[in-house]
Amino acid sequence: MSMLSTSTPQGWILVRDAAAATTFLQNPRDPGDKIHLPHLPEDLPSKSTCVLSGKPTIPGCVALLVEPFATVIWYLHVGEEDGEWTRHEYDIGTQPLDPPIDGEDHEKVPICSIAACRGKFYFNGTLSDIGVLEFSPSAAATSTSPVFSSLELAGEFEVVYRAKVFLVESGEDLYMVMLVYRGFRCDKTGYETRVYRMDFSEQPPRWRTAGDLAVGAFLLSPWYFGATCSARELGLHEDCVYAFVPGDDEVPTCLKMSSVKDGWDDFVDVPAVHRALWILPTDPYIV
């Protein structure tokens with residue numbers, strides 16, 4: 001029997017306790033503050049991503065779980081009477097496998113980076129398009145079904161051949177952080193940090209280069225976790241991106257800090273870990 005614990009960008013930690021057959025959202029700063037959920041029927045990989053569409057204390061909030069390898073999501077309306085987790089296998093296209101695996105030269109495209117913004121989930125952002133996931137009423141009046149679509153974006157940017165992409169919601173704005181690799185180096189000096197903000201005021205929308213983070217800080221960790229917080233209240237640098245850079249036997253794991261406003265980078269070596277989690281307040285601007 002195992003326990004799944006995964007942080008959400010909204011601060012709550014989703015806990016699935018297999019031994020006790022319970023699933024709940026835990027406020028990491030208050031052991032007694034829990035939101036009990038229907039028990040998740042399956043034990044999911046530890047690298048699964050959990051995102052909330054809004055505050056789980058407000059009716060209508062959707063809890064979304066994205067499996068890291070299979071093209072499968074689980075979703076639940078928090079607080080819904082007689083609600084339960086729904087498993088959905090999605091198909092948003094295929095991508096080539098190079099080299100082929102077991103004779104297969106294509107695979108289904110998985111959801112990687114994802115963020116909730118203005119009642120929708122946005123995923124797999126690029127400079128030219130972005131996926132959109134919404135939940136609309138199905139034939140059964142008491143349930144909803146996921147609807148996938150793609151949003152074409154305006155604007156012209158230089159071609160990026162290799163980058164790690166994170167989507168972050170902050171103050172009802174959608175941001176994309178790109179860790180763009182230089183050549184073949186994957187250590188702390190091997191990439192630059194670029195940040196864009198989605199301009200929804202135009203049609204079609206477009207990414208615009210962000211000159212600041214509205215005095216907040218962005219926190220990134222492996223497996224596409226991206227969140228925002230009040231930099232001043234938590235003693236962090238304002239308008240700065242904090243990203244964990246995994247190491248290996250030769251290069252230590254480090255925390256890279258990149259100032260969006262002033263353009264500087266700094267690094268702090270940290271102990272090697274398989275997974276890094278940020279512990280956040282459940283309201284990013286109240287500590």
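Residues are numbered from 1 along each chain as its sequence is written, and side-chain values use heavy atoms, with hydrogens and water left out. Because the model is predicted, local features need pLDDT of at least 70 and side-chain atom pairs count only at pLDDT 80 or more, while totals for chains, interfaces and linings use all residues.

**Aromatic pairs**

Rings of Phe, Tyr and Trp (its six-membered ring) pair if their centres lie within 6.5 Å; planes under 30 degrees apart are stacked, over 60 edge-to-face and the rest tilted. By this rule the count is 11 aromatic pairs. Select Phe-121 and Phe-135: the ring centres are 6.0 Å apart and the planes stand at 85 degrees, so the pair is edge-to-face. Phe-121 belongs to strand 12 (residues 120–123) and Phe-135 to strand 13 (residues 129–137), so the pair ties together parts that are 14 residues apart in sequence. Strands here are DSSP runs (E, at least two residues), numbered from the N terminus. Phe-121 and Phe-135 are buried, where buried means under 20% relative accessible area, exposed over 50% and partly exposed in between (1.4 Å probe, protein chains only).

Next, select Tyr-175 and Phe-218, an edge-to-face pair with 5.1 Å centre to centre and 75 degrees between the planes. Tyr-175 lies in strand 16 (residues 173–181) and Phe-218 in strand 19 (residues 216–221), so this pair ties together parts that are 43 residues apart in sequence. Both Tyr-175 and Phe-218 are buried.

**Charges over rings**

A charge sits over a ring if NZ of Lys or CZ of Arg is within 6 Å of the ring centre and within 35 degrees of the ring normal. Select Arg-162, whose charged end sits over the ring of Tyr-181, 4.9 Å from its centre. Then select Lys-164, with its charged end over the ring of Tyr-224, 4.2 Å from the ring centre.

**Pockets**

On a 1 Å grid over the protein atoms alone, a pocket is an open set of points where a 1.4 Å probe fits, with protein on both sides within 12 Å along at least five of seven lines; lining residues have an atom within 4 Å of a point.

The largest pocket holds about 880 Å³ of space. Its lining has 26 residues, of which Gln-95, Cys-112, Asn-124, Thr-126 and Tyr-224 lie nearest the centre. Domain 1 (1–151) and domain 2 (161–272) both contribute to this lining, so the largest pocket lies between them; the domain bounds come from an automatic or database assignment.

Move to the second largest pocket, with about 690 Å³ of space. Of its 33 lining residues, Gln-10, Ser-53, Gly-54, Lys-55 and Glu-169 are closest to the centre. Domain 1 and domain 2 both give residues to the lining of the second largest pocket, so it too lies between them.

**Backbone features**

Most residues other than glycine have a negative phi, and most peptide bonds are trans. Select Gln-203 and Pro-204, which are joined by a cis peptide bond with omega near 0 degrees. Pro-204 is in the loop between strand 17 (191–199) and strand 18 (206–209).

Select Ala-21, where phi is positive, near 55 degrees, in the loop between strand 2 (13–17) and strand 3 (22–26). At 46% relative accessibility, Ala-21 counts as partly exposed. Finish at Glu-172, which has a positive phi of about 65 degrees and counts as exposed at 55% relative accessibility.

Technical notes
Helices (H or I, at least four residues) and strands (E, at least two) are DSSP runs, numbered from the N terminus. Grid points are joined across faces, edges and corners, and a volume is the space filled by probe spheres set on the points.
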